[in-house]
Amino acid sequence: MAGTTLQDVIVPELFNPYVVNRTMELSALVQCGIIANNSEFDALASQAAPTVNMPFFEDLTGESEQVIEGADLADNKITSNKDVAAIIRRAKMWSATDLSAALAGADPMAAIGSLVAQFWSRDLQKELVALLDGIFGTVPAGSGEGAAAETRLASNLLDISAKSGAAANWSGSAFIDAEQMLGDAKAQLTGICMHSATEAYLKKQNLIDTVQPSNDVAFNVYQGKRVIIDDGCPADKGVYTTYLFGNGAIALGNGSPVGFVATETDRAKRKGSGVDYLINRKTMILHPRGVAFTNANVAKTEGPSRAEMKDPVNWKPVYEHKQIRIVAFKHKLG
C-alpha cells in the first residue's frame, strides 16, 4: 500500500489560489508596478474566447473656438476604438520525483506550491519578453496589411546600435533620449527590463544603485527607475534591447473560465512503487495596453503559442503612442 501521495497533500481548491497569489508576490514585474492585475482583467481572462475586446474612447482633439455673438459652435464628436488582448493558455506537469524533496516539508502543500509559483513567476517573465519581441518586431515585406516591411511601434523605439564607435553604446544621454520617445509623457516610465550583461556593464561604472526598503527585499535602480534583469531580453551580435515601462503598462488577468481545471493530481500505479503527477494550468491575459492582438497568424483556436506571441504580424498599436507606456532601447555596450 502506498504511503503519502500528492493526492493526500494537494487540495486543488486551495492550491491554485495560493499559487496564483504567490506567483504575483514573487514577480518583480508585478511588484514594481509594470504588470497590473485587477478583477476586471481577471474577468476578461475568464471569457470563453481566444481574444477579448476592450473598447475605449479616443482622446479629444482640435482647438477651442472663438466665441462670436450669434454664431454657432462647430459640432464635434468623440470617436472610439478597441484594444484586443489574446487569452493565453499554458500548462505544466511535474512528477513526484521532481517534487519529492518538498514532501518532507512541515506543510507539503505550501512547499510544493512555492516551487510551482517560482516556476510560473519565471515563466511570466519569459511570456512578457516574447510579446515585447512581437510588438517591437518588424513585419516582413509582403506580410500583414502592407507590401513594405514595417515596424508598427517604431514611434516607441530608439535604436542607436547602428551608429559608429562609442555613439552606439549605452550612455546616460542616450538613455534620456530613449525616455524622450514618449515626450511629455516620459515621467510615466518607472521600470527597466534589461539583459544581465547590460546590468553588469552599468554596475562596473557604478551607475546601479541598490535600494533597501525597511520591510522588503533590496532592489536595484538606474536613474531612479527599478531594474529587472532577464536574459530573455534580445541580445544579438553585440546589440542589446532594453525595455522601459510605465506603471500598469502590461495588463495581467488570471482567468477561470467555465469548466477550467487549474490543478489536478494523478498517479501511475503500475510504475514501480508508483509515480505521482501534479498538473497545473494557467488561463490568462498578459497584454501591452494600447497594442491590439490582431490574431493574424495563430494556428490553434485555443490561443497563441509563445512563438506566435513573438510574431510582429499579430500586433498593431491602437493607442496614441504616448499612451503606450513602453519604450524599446537598442544599444551596444562597448
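Rings of Phe, Tyr and Trp (its six-membered ring) pair if their centres lie within 6.5 Å; planes under 30 degrees apart count as stacked, over 60 as edge-to-face and the rest as tilted. The model is predicted: local features need pLDDT of at least 70, side-chain atom pairs count only at pLDDT 80 or more, and totals for chains, interfaces and linings use all residues. Residues are numbered from 1 along each chain as its sequence is written, and side-chain values use heavy atoms, leaving out hydrogens and water.

**Exercise 1.** State which residues form one aromatic cluster with Trp 170, and classify the pair Trp 170 and Phe 175.

*Solution.* Step one: the cluster consists of Trp 170, Phe 175, Tyr 222 and Phe 329. Step two: a search of the whole structure gives 9 aromatic pairs. The ring centres of Trp 170 and Phe 175 are 5.5 Å apart with planes at 25°, so this pair is stacked. Step three: Trp 170 and Phe 175 are both buried (under 20% relative accessible area, exposed being over 50% and partly exposed in between; 1.4 Å probe, protein chains only).

**Exercise 2.** Identify the bridge partner of Tyr 243 in β17.

*Solution.* Step one: strands (E, at least two residues) are DSSP runs, numbered from the N terminus, and two strands pair if DSSP finds at least two bridges between them. Step two: β11 (residues 239–246) runs antiparallel to β17 (residues 326–331), joined by 6 bridges. Step three: the partner of Tyr 243 is Ala 328.

Conventions:
Helix = DSSP H or I, 4+ residues; strand = E, 2+ residues; numbered from the N terminus.
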